Amino acid sequence: MNKKLVKWFEDAWYGEMYISAWFMPLSMLYVDAVRLRRFAYRVGIKKKTKLPVPVIVVGNITVGGTGKTPLVVWMVEFLRQQGYKPGVVSLGYAGPKTDSGPQLVAADSDPASVGDEPVLLARRCGCPVAIGRDRPAAAKHLLANHHCDVIISDDGLQHYALERDIEIIVIDGQRRFGNGYCLPVGPLREPPERVREVDLVVVNSPLELLEGEIAMQCVGQQLVNLKTGESRPLTEFKGLAVHAVAAIGNPKRFFNQLAEAGLVCEAHAFPDHHPFSAADLQFKDQRALVMTEKDAVKCAAFAADNFWYLPIDAELPEAFSQQLLTLLKTKTHG
């Protein structure tokens, strides 16, 4: 989609810009279609696939990034510490254009073939990862090739064909639901009441918390050189002028994080999942270039000495850990 058009929609969704009444009928039709689809799954017109292991869905109801990936990484590590053998299924955005069936993803898989987020998950989680447009088929493929006893479906909230035991919604604590309308008038994929139906609501970097919501903080303290693997504290870059590059759902969050750490950023925002080339990152000076970890997996082949990325880790309260374990035990064992 054209960058200017994307910017126009984002300003309309999250700012004070007037929304033309011409879009409201489209939004109403969209909501009707979403509710009809859910009803079809609920009454059995559309079939769900039940797996022999518990399924935890991590998703959101807004367009764009909310911080799901750091939460999935955190959950994989936490569940592994509890003795589970987790696996992850994902759509594999920007993967094969044809339906080539489910695929396993390794740490050294080509992001251009399988998507940037699945490769990042495979590298950070160190657990089996599978992708596929057919989410149940991807999950079955994962179980057929690996001994997993719990599956996390990344960004799978609207993929109702895969039956789930636990639903977790992640909300952007800065933007939340924007103007509160569904597409195309607003950023919502589903009506806001959908939040009341899930098991856990996690808010990334909240300005405020509503009843029942759990705060998550995403922190990055070390910059890693994309070419050499050298790691340096983010504080060492305080006061330095850098090029900040992000091709994620909400690049402003990344730019603000760097600015709050004291870096002087010239921001370069690209569309989410942008397939970077060396030409995209050729600037006229030799300032350090700082990017997200998701973008770094696509830039390793042409990394220069001044390319750095910021790994992000999720921090969650003990209450979330206990609630997750309790849900896993009660919902899967009665």
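Residues are numbered from 1 along each chain as its sequence is written, and side-chain values use heavy atoms, with hydrogens and water left out. Because the model is predicted, local features need pLDDT of at least 70 and side-chain atom pairs count only at pLDDT 80 or more, whereas totals for chains, interfaces and linings use all residues.

A search of the whole structure finds six aromatic pairs, a pair being two rings of Phe, Tyr or Trp (its six-membered ring) with centres within 6.5 Å, classed as stacked if the planes are under 30 degrees apart, edge-to-face if over 60 and tilted for the rest. The ring centres of Phe-237 and Trp-308 lie 5.2 Å apart with the planes at 70°, so this pair is edge-to-face. The two residues are 71 residues apart and link distant parts of the chain, Phe-237 being in the loop between strand E10 (231-233) and strand E11 (241-246) and Trp-308 in strand E14 (residues 307-310); helices (H or I, at least four residues) and strands (E, at least two) are DSSP runs numbered from the N terminus. Both Phe-237 and Trp-308 are buried, that is, under 20% relative accessible area, with exposed meaning over 50% and partly exposed in between (1.4 Å probe, protein chains only). In strand E11 lies Ala-241, and because its relative accessibility is 36%, Ala-241 counts as partly exposed.

Ring pairs also join Trp-74, Phe-78 and Phe-320 into a cluster, and both Trp-74 and Phe-78 are among the buried residues of helix H3. Eleven of the 14 residues of H3 are buried, leaving the helix mostly covered. The end C-alpha atoms of H3 (residues 68-81) are 20 Å apart, which agrees with the 20 Å that its 14 residues should span at 1.5 Å a residue, the expected span being 1.5 Å times one less than the number of residues. After H3 comes Gly-83, with a positive phi near 95°.

The structure holds one cavity of 30 Å³ or more, a cavity being a set of points on a 1 Å grid over the protein atoms alone where a 1.4 Å probe fits but cannot get out, with lining residues having an atom within 4 Å of a point. The largest cavity contains about 40 Å³ of space, and its lining includes Asn-60, Thr-66, Asp-172 and Phe-177.

Key. 1 Å grid on protein atoms, 1.4 Å probe; cavity = no way out; pocket = protein on both sides within 12 Å on 5 of 7 lines; lining within 4 Å. Points joined across faces, edges and corners; volume = space filled by probe spheres on them.
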